[in-house]
Amino acid sequence: MTTLPPKEPTWLTVFRLLRWDKPAGRLILMIPALWGLCLAAKGHPPLPLLGVIILGTLATSAAGCVVNDLWDRNIDPNVERTKNRPLAARSLSIATGIGVLIVSLICAAILALYLNPLTFWLCVAAVPVILLYPGAKRVFPVPQLVLSIAWGFAVLISWSMVTASIATPTWYLWGATIFWTLGFDTVYAMSDRDDDRRIGVNSSALFFGKYVAEVTALCYAVTVGLLGYMGQIMSLGSIFWLTLGMAAGAWLWQYLRLKKPTIPPAFYPQMFRENVWIGFGLLLGMFFGIRQ
């Protein structure tokens, strides 16, 4: 007699739907928001705003994950990396997914009510980008750029939370966030190239073809340049420059590994997780650099 494995509790399935079992993706979205908060507040971020950012990124990333899985519920079963996601595996119904999405958006909206008018409208402007990103892979050759723009809103929102304005250094930090995100998400997309090609969806990893490693390196180089210029404008101290140099070295090492003729599939998500540590290292550099 065959014994069936116990059914997963619904709350745990929802937990997986929100990707809370994979914290790297939640943390890497939080990093640009923390960059903006730290620099705008001159290294003294108000604790209430810090709490709003942490809860807000959890809510918006949750909404983004659910939207993505609703868009791709018929595609994900054909991709090795995503075939076990709850909506793809039919572990949750579409109605449940929509319900979780609505709750996530309501939580984000409640938090937005505590913000100044500029920040509130920046949050509103970010919503269409978050909701439409998953569909971009069907019509746009570089959908990771759309995700990067969504990531960039984290900087604008967090900075304006503190100052109720956008300053010149904000735009350099925004640009650095966009190029950094385009770089690490292109690498992440490289693990799905065969499946994406077979299914017929777009990705930057496919679009850049044999030059994908060089384009990734260029994205990281532009990130370093923009962060450096921002650091110069804000007169950040030596600790920031030390962490920026370390980040540049880490990205160079990633590029050299990308150029190897044979790359194991586990390498790409590993590089994604490395960028979490790089981002937090830069956050420490900003925190101490602006206080020097």
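Predicted model: local features only at pLDDT ≥ 70, side-chain atom pairs only at ≥ 80, totals over all residues.
Reader: Where do I start? Which elements does the protein chain have, and how many?

Author: Start with the secondary structure. The protein chain has 12 helices and 0 strands. Read from the N terminus, the order is α-α-α-α-α-α-α-α-α-α-α-α.

Reader: How do I judge the overall form? What does the radius of gyration say?

Author: Set the value beside the one from the globule rule. Here the radius of gyration is 19 Å, close to the 19 Å that the rule gives for 292 residues, so the chain is as compact as a globular protein of that length. For the outline, take the box along the principal axes. The C-alpha atoms fill roughly 70 × 50 × 40 Å.

Reader: What share of the residues is buried?

Author: Of the 292 residues, 50% count as buried. The accessible surface comes to about 14,000 Å². Carbon and sulfur atoms account for 71% of that surface.

Reader: And the charges? How far apart are the mean positions of the positive and negative ones?

Author: The chain has 22 positive and 13 negative charges. Their mean positions are 3 Å apart.

Reader: What about contacts along the sequence? What percentage join residues at least 24 apart?

Author: Take the contacts between residues at least 6 apart in sequence. Of these, 75% join residues at least 24 apart.

Reader: Now the inside. What should I look for in a core?

Author: The general idea comes first. In soluble globular proteins, nonpolar side chains tend to be buried together. Now this case. The largest nonpolar core has 64 residues. Among those with the most contacts inside this core are Leu39, Leu173 and Met230. Leu227, Leu258, Leu282 and Met286 belong to that group too.

Reader: Which helices supply this core?

Author: Go along the chain. Helices H2 (23-40), H3 (47-71), H5 (117-139) and H6 (143-163) each supply at least two residues of this core. So do H7 (168-190), H10 (212-233), H11 (238-258) and H12 (267-289). H2 gives the most, with 12 residues.

Reader: Let me zoom in on Leu39. Which residues is Leu39 in contact with?

Author: Skip its neighbours within four places in sequence. Leu39 is then in contact with Trp159, Leu173, Met230, Met234, Leu236, Met286 and Ile290.

Reader: How do I read a single residue? Is Thr13 buried or exposed?

Author: Find its place, then its accessibility. Thr13 is found in helix H1, residues 10-17. Its relative accessible area is 4%, so Thr13 is buried. Thr13 is in contact with Glu8, Pro86, Ser91 and Leu92.

Reader: What of a residue in between? Where is Ile102?

Author: Ile102 is in helix H4, residues 94-112. At 45% relative accessibility, Ile102 counts as partly exposed. Ile102 and Val66 are 36 residues apart along the chain. Their C-alpha atoms are separated by 9.8 Å.

Reader: Now the loops. What is phi for Lys42?

Author: Phi of Lys42 is near 60°, a positive value in a residue other than glycine. Lys42 lies in the loop between H2 and H3. At 53% relative accessibility, Lys42 counts as exposed.

Reader: Where is Ser235, and what is its phi?

Author: Ser235 is in the loop between H10 and H11. Its phi is positive, about 55°, although Ser235 is not a glycine. Ser235 counts as exposed, at 58% relative accessibility.

Key:
Residues numbered from 1 in each chain as written. Heavy atoms only, no water. Core = buried A, V, L, I, M, F, W, Y, C linked by side-chain atoms within 4.5 Å. Buried < 20%, exposed > 50% of the residue type's maximum accessible area, 1.4 Å probe, protein only. Helix = DSSP H or I, 4+ residues; strand = E, 2+ residues; numbered from the N terminus. Contact = heavy atoms within 4.5 Å. Rg over C-alpha atoms; globule rule 2.2 N^0.38 Å. Areas by Shrake-Rupley, 256 points an atom, 1.4 Å probe, with all protein chains shown as cover. Lys, Arg positive; Asp, Glu negative; His and termini not counted. Charge placed at Lys NZ, Arg CZ, Asp CG, Glu CD.
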